[in-house]
Amino acid sequence: MEKLDLIIIGAGPAGIGCAIEAKLKNKKVLILEKTKEICQTLRQFYKDGKRVDKAYKGLEGENYSHVRFEDGTKESTIENFESLIKEHDISIEFSSEVESVKQDKENFIVTTSKNTYECQNIIIAIGRMGKPNKPDYKLPPTLTKIINFNANNVQNNEKILIVGGGNSAAEYAVDLASKNQVCLCYRKDKFTRLNDTNLNDIESAANQNKLLLKLGVDILEVEDENSKAKVKFNDGTFEIYDRIIYAIGGSTPVDFLQKCGVNVDDKGIPLMNENKESNIKGIFLAGDITTKNGASIVCGLNDAAKIISVLK
Ligand SMILES: Cc1cc2nc3c(=O)[nH]c(=O)nc-3n(C[C@H](O)[C@H](O)[C@H](O)COP(=O)(O)OP(=O)(O)OC[C@H]3O[C@@H](n4cnc5c(N)ncnc54)[C@H](O)[C@@H]3O)c2cc1C
């Protein structure tokens, strides 16, 4: 595994700004982006032709970074970031949603839906628009308390169904199996996206009957049965659970930070020092993720300049 100086999570303006500043300091840097293109927030939430202001909503308008950015439109702004990526020869892995970040001695191991990377520093620049993915079928609104997208509310001795075949699903299943009756349901008949550790852990837990695997089985329907979840599977069976946890990609910004071990305050804002470094040495935060309601492109670029100026 090649070791990088820096991995940046998210190819929005802040992440791209960080990569350019890092490249200018000759750092070996890679951006991991969950979608197929840069600047997902601009593409998805700005109307076509929208004016883009440097001084946005009364925020700082002065750009202290080395990254070119002027007033323009949605289209000219995206084009500017696209040409900056070419000019600075920035490496980006697309369709690479980061699922977990773990510390390994001096370094970090970053796991995406496709690969595992090792690096010395991390900048989280995922914005605030992230949401957990939901299944296609309807979920009963009366069960919102027991149908979850993280494991924060799990009690001991519950009968839990975990849905998904990625690293998050496998980690939830293995962790929760010590104190609960756990079944993991994945629509494919084998795991193809797990890193070696998680594959080994889940297979040995299943072999020792610590948890049940339902592979190659899909869910057709979930119903409310006396405030529990009655799940109908496409193999003709059904089962009743105290809780369902969907781990099928996506997460809220706060869930993502907590999964990385980054502490947040009661408003969900990450705790950081003046250099935007989190409670974990070597993990920094840039752009909208550092605020409650979002900031601006210039704020993200200024974060980039500040972080890279102190990065070892
Ligand atoms: C409607 C609207 C209008 C706006 N107008 C302006 C304006 O005129 N001027 C201005 O300066 N600002 C404007 N803003 C604010 C501006 O868009 C944001 O401040 C800016 O996009 C924040 O950049 P960011 O890089 O922090 O996050 P984002 O732009 O949100 O980028 C985050 C990136 O991270 C990726 N990502 C998320 N999770 C993961 C993961 N787990 N793994 C890998 N990748 C991930 C996302 O796909 C995305 O590409 C506007 C915002 C909105 C919603």
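Q: What is the make-up, by class, of the lining of the second largest pocket?
A: In this predicted model, the lining of the second largest pocket has 10 nonpolar, 6 polar and 8 charged residues. Its volume is about 530 Å³, and of the 24 residues that line it, Gly164, Tyr186, Arg187, Arg193 and Ile248 are the closest to its centre.

Q: Why is the second largest pocket said to lie between domain 1 and domain 2?
A: Domain 1 (3–130 + 252–310) and domain 2 (141–246) both contribute residues to the lining of this pocket, and therefore it lies between them.

Q: What makes Arg193 and Glu99 a salt bridge?
A: A salt bridge requires a side-chain nitrogen of Lys or Arg within 4 Å of a carboxyl oxygen of Asp or Glu. The N to O distance for the side chains of Arg193 and Glu99 is 3.8 Å, so the pair meets the criterion.

Q: How do you know that domain 1 and domain 2 are in contact?
A: Contact means heavy atoms within 4.5 Å, and 10 residues from domain 1 and 10 residues from domain 2 take part in the contact. The area buried between the two domains is about 610 Å², with 25% of it given by carbon and sulfur atoms, and the count of salt bridges between them is 2. Their centres, taken over C-alpha atoms, are separated by 32 Å.

Q: Which element gives the largest share of the lining of the largest pocket?
A: That share, 5 residues, comes from H2, while the pocket itself holds about 1100 Å³ of space.

Terms used
Residues are numbered from 1 along each chain as its sequence is written. This is a predicted model: local features need pLDDT of at least 70, side-chain atom pairs count only at pLDDT 80 or more; totals for chains, interfaces and linings use all residues. Side-chain values use heavy atoms; hydrogens and water are left out. On a 1 Å grid over the protein atoms alone, a cavity is a set of points where a 1.4 Å probe fits but cannot get out, and a pocket is an open set with protein on both sides within 12 Å along at least five of seven lines; lining residues have an atom within 4 Å of a point. Grid points are joined across faces, edges and corners, and a volume is the space filled by probe spheres set on the points. Helices (H or I, at least four residues) and strands (E, at least two) are DSSP runs, numbered from the N terminus. Ala, Val, Leu, Ile, Met, Phe, Trp, Tyr, Cys and Pro count as nonpolar, Asp, Glu, Lys and Arg as charged, and the others, Gly among them, as polar. Domain bounds come from an automatic or database domain assignment. Buried area is the accessible area (1.4 Å probe) that two parts lose on being put together, summed over both.
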